[in-house]
Amino acid sequence: MDRRQFINDSTKSLTGLYLASLAISSCSKKTSFDMLHAIPETSPYKMKHLRGSVGYFSEKGGTIGWMIDGKNTVIVDTQFPEQATNLMKECQKLSDEKIEYVFNTHHHGDHTSGNVSLKAFTQHFVAHENSIANQKRAAAQKNELDKIVLPEISFKDGYQVKVGKETITCKYFGPAHTNGDSVVHFEHSNVVHMGDLVFNRRFPYIDKASGANIQSWISVNESILKHYDDETIFICGHAAADYQVVIGKEDIRAKINYLERLLEFGNKCIAAGRTAEEVKNSTTVIPGAEQWKGDGIGRSIDAVYLELTSGK
Ligand SMILES: [Zn+2]
């Protein structure tokens, strides 16, 4: 049985158990993930239950994670205002009109712009201190500080909170896709939202202006493989058309391989005296990581040149 099949099967059986437990639980108000099946195929968004009380929402931008237990709602990342409004409509079918916590895995607009739509319902917004600083800086550059909602709770190494049955633990592993990426673990359901630390088989954005570091990103993803167990379900921010945003450890390993091959390729090109422009114009895949496709290879080439030539 391959990993994806295992996740599918275990998700199905655990979903069954969970729904059975909800039926006899007096504390659940109206949570029934069965209602999610009523969302038509033509809907612009997907709202999927994964395991326990946790699932994901996707429409446009970085995948949103959610925990809904009938009494409490917790959201991870918020896409854009319109998408966050759609998310809220679905959440209200399953729970009360309030959100205990919104976590932002990092500052990028496709993960935080929807904060404004959730503000009226949300008690607390949480993010890593560098994510908040980056969000502020990016908004100030566009003269849009008055249009954003910044988290009021920040942390440096980690943050933990208990909501209903869930213990939610955020952890900072170091610079990677930016210098402020955190990983959010719903421990009871054993589901992790890892933000943009994996672009599944899609060329990643490596945000050097916000402190991204390819070498450190490899170590961060290796630490994640060690820190979470083999039953953990991981949600990532983005995936190529034929791939999923719900991933397993083999997909994280594949991402590490992409970053390692990118550094190797960058070193070879620089040693051969090739310019970044020349390499960008003649390269469609990174040798040894051919599964990574689509637009945006130029961003990887620029980032690896900057890191290897300036040490930044
Ligand atoms: Zn991002």
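Okay, so let's start with two strands, β9 at residues 166-172 and β10 at residues 182-186: they run antiparallel, and five bridges join them. This is a predicted model, by the way, so keep that in mind.

Now zoom out a bit. Which sheet do these strands belong to? It's an open sheet of six strands, in the order β8-β9-β10-β11-β13-β15, and the pairing is mixed. At the edges you have β8 (158-163) and β15 (246-247), and each of those pairs on one side only. In general, strands of a sheet pair through backbone hydrogen bonds, either parallel or antiparallel.

How many aromatic pairs does the structure hold? Eight. Take Phe33 and Trp66: their rings are tilted, with 5.5 Å centre to centre and 35° between the planes. What I like here is that this pair links distant parts of the chain, 33 residues apart: Phe33 is in the loop between α1 (3-23) and β1 (46-51), while Trp66 is in strand β3, residues 64-68. Phe33 and Trp66 are both buried.

Compare that with Phe155 and Tyr159, a stacked pair at 6.3 Å centre to centre, with 25° between the planes. Those two residues, Phe155 and Tyr159, are buried as well.

There's also a cluster, where ring pairs link Phe173, Tyr228 and Phe234. And Phe173 has a charge over its ring: the charged end of Lys171 sits there, 5.3 Å from the centre.

Note on methods:
Residues numbered from 1 in each chain as written. Predicted model: local features only at pLDDT ≥ 70, side-chain atom pairs only at ≥ 80, totals over all residues. Heavy atoms only, no water. Phe/Tyr/Trp six-rings, centres within 6.5 Å; stacked < 30°, edge-to-face > 60°. Helix = DSSP H or I, 4+ residues; strand = E, 2+ residues; numbered from the N terminus. Buried < 20%, exposed > 50% of the residue type's maximum accessible area, 1.4 Å probe, protein only. Lys NZ or Arg CZ within 6 Å of the ring centre and 35° of its normal. Pairing = 2+ DSSP bridges.
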